[in-house]
Amino acid sequence: MKTKLMVLTLVVVISVVFLGFAQSSYAQQNTPLVKQKMQQQKSSVFREMMERRLKDSPAVNMREFIESLNLSEEQIAEINKTLLDFQKNSLELRNRMQIEELEIKVLLLEPETELAKIREKLKEAADLQVELKVKTIEKYLEVKDLLTPEQQEKLPLGIPSQIFALEKFSTGRMMNSFCW
């Protein structure tokens with residue numbers, strides 16, 4: 001009787017262990033598939049969202065506009081040279097503007113804040129902003145002069161707002177995306 005009970009217990013234990021392994025193996029095989037399908041759905045939704053954003057982005061619109069001008073190699077080289085010069089000059093102005101802003105913060109931290117000094121620093125920062133906008137317009141006009149009359153006709157009236165958007169990025173990252 002003891003032997004039969006021992007064999008029966010052994011068979012039950014082996015069956016339970018086998019079923020446990022089978023269930024574990026089945027779970028491991030199916031879990032990645034579910035996760036993979038979820039990840040694929042998430043990535044495709046993300047991809048579609050990014051494609052929509054990129055399609056409507058100012059950089060893509062600007063690139064299409066630039067391509068529509070049909071620039072010659074010489075024009076492209078000259079425009080790129082002009083833009084690089086502008087980046088160098090504007091970087092100096094932006095750095096000076098940041099220094100002015102930091103100096104204003106320092107003045108605000110002083111125990112006795114002097115409004116006259118802050119006003120002076122604000123005027124200096126504003127003057128630098130005006131100077132940067134004037135230089136931006138000058139570079140735009142330089143680039144415009146490099147274009148043929150037919151290419152100039154394709155330009156939007158006035159000064160495009162995109163060139164002023166470039167000023168909002170202190171490192172000129174936006175400028176790089178508008179390379180000719």
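**Working through the model**

Mentor: Buried residues make up 21% of the chain's 180 residues. Buried here means under 20% relative accessible area, exposed means over 50%, and partly exposed is in between (1.4 Å probe, protein chains only).

Trainee: What should I know about the source before I read on?

Mentor: This is a predicted model, where local features need pLDDT of at least 70, side-chain atom pairs count only at pLDDT 80 or more, and totals for chains, interfaces and linings use all residues. Residues are numbered from 1 along each chain as its sequence is written, and side-chain values use heavy atoms, with hydrogens and water left out.

Trainee: OK. How many helices and strands does the chain have?

Mentor: Seven helices and zero strands. The pattern along the sequence reads α-α-α-α-α-α-α. Both kinds of element are DSSP runs numbered from the N terminus: helices are H or I with at least four residues, strands are E with at least two.

Trainee: Let's take helix 4. What span should its 31 residues have?

Mentor: Helix 4 covers residues 115–145 and should span 45 Å at 1.5 Å a residue; its end C-alpha atoms are 45 Å apart, which agrees. The expected span is 1.5 Å times one less than the number of residues.

Trainee: And which residues in helix 4 are buried?

Mentor: Ile 118, Lys 121, Ala 125, Leu 128, Leu 132, Thr 136, Lys 139, Tyr 140 and Val 143.

Trainee: What about Glu 131, buried or partly exposed?

Mentor: Glu 131 is also in helix 4. Its relative accessible area is 31%, so it is partly exposed. Glu 131 and Ser 90 are 41 residues apart in sequence, with their C-alpha atoms 9.3 Å apart in space.

Trainee: How do helix 3 and helix 4 pack?

Mentor: Their axes are 9 Å apart and meet at an angle of about 170 degrees. Axes are lines fitted to C-alpha atoms, for helices over the stretch in contact, and angles run from 0 to 180 degrees between N-to-C directions. Helix 3 and helix 4 are therefore roughly antiparallel. The classes are: under 35 degrees roughly parallel, over 145 roughly antiparallel, 65 to 115 roughly perpendicular, the rest oblique.

Trainee: Which classes of residue are in that contact of helix 3 with helix 4?

Mentor: It has 14 nonpolar, 12 charged and four polar residues. Ala, Val, Leu, Ile, Met, Phe, Trp, Tyr, Cys and Pro count as nonpolar; Asp, Glu, Lys and Arg as charged; the others, Gly among them, as polar.

Trainee: Now the core. Which residues make up the largest nonpolar core?

Mentor: There are 10 residues in all: Met 62, Ile 66, Leu 69, Leu 71, Ile 79, Leu 83, Tyr 140, Val 143, Leu 147 and Leu 155. A nonpolar core is a set of buried Ala, Val, Leu, Ile, Met, Phe, Trp, Tyr and Cys residues joined through side-chain atoms within 4.5 Å.

Trainee: Switching to charges. How many salt bridges are in the whole structure?

Mentor: Seven. The criterion is a side-chain nitrogen of Lys or Arg within 4 Å of a carboxyl oxygen of Asp or Glu. One of them joins Asp 85 to Lys 81, with the closest N and O atoms 3.9 Å apart. Both residues lie in helix 3, four residues apart, about one turn of the helix. Asp 85 is partly exposed at 29%, and Lys 81 is partly exposed at 49%.

Trainee: Why does a four-residue spacing work?

Mentor: An α-helix has 3.6 residues a turn, so residues three or four places apart point the same way.

Trainee: What else is there?

Mentor: Glu 92 and Arg 96 form a salt bridge at 3.9 Å, N to O. They too lie in helix 3, four residues apart. Lys 117 pairs with Glu 114 at 3.7 Å. Glu 100, Glu 103, Lys 121 and Glu 124 are linked in a network of salt bridges.

Trainee: Last one. Where does Asn 70 lie?

Mentor: In the loop between helix 2 and helix 3. Most residues other than glycine have a negative phi. Asn 70 counts as exposed, at 61% relative accessibility.
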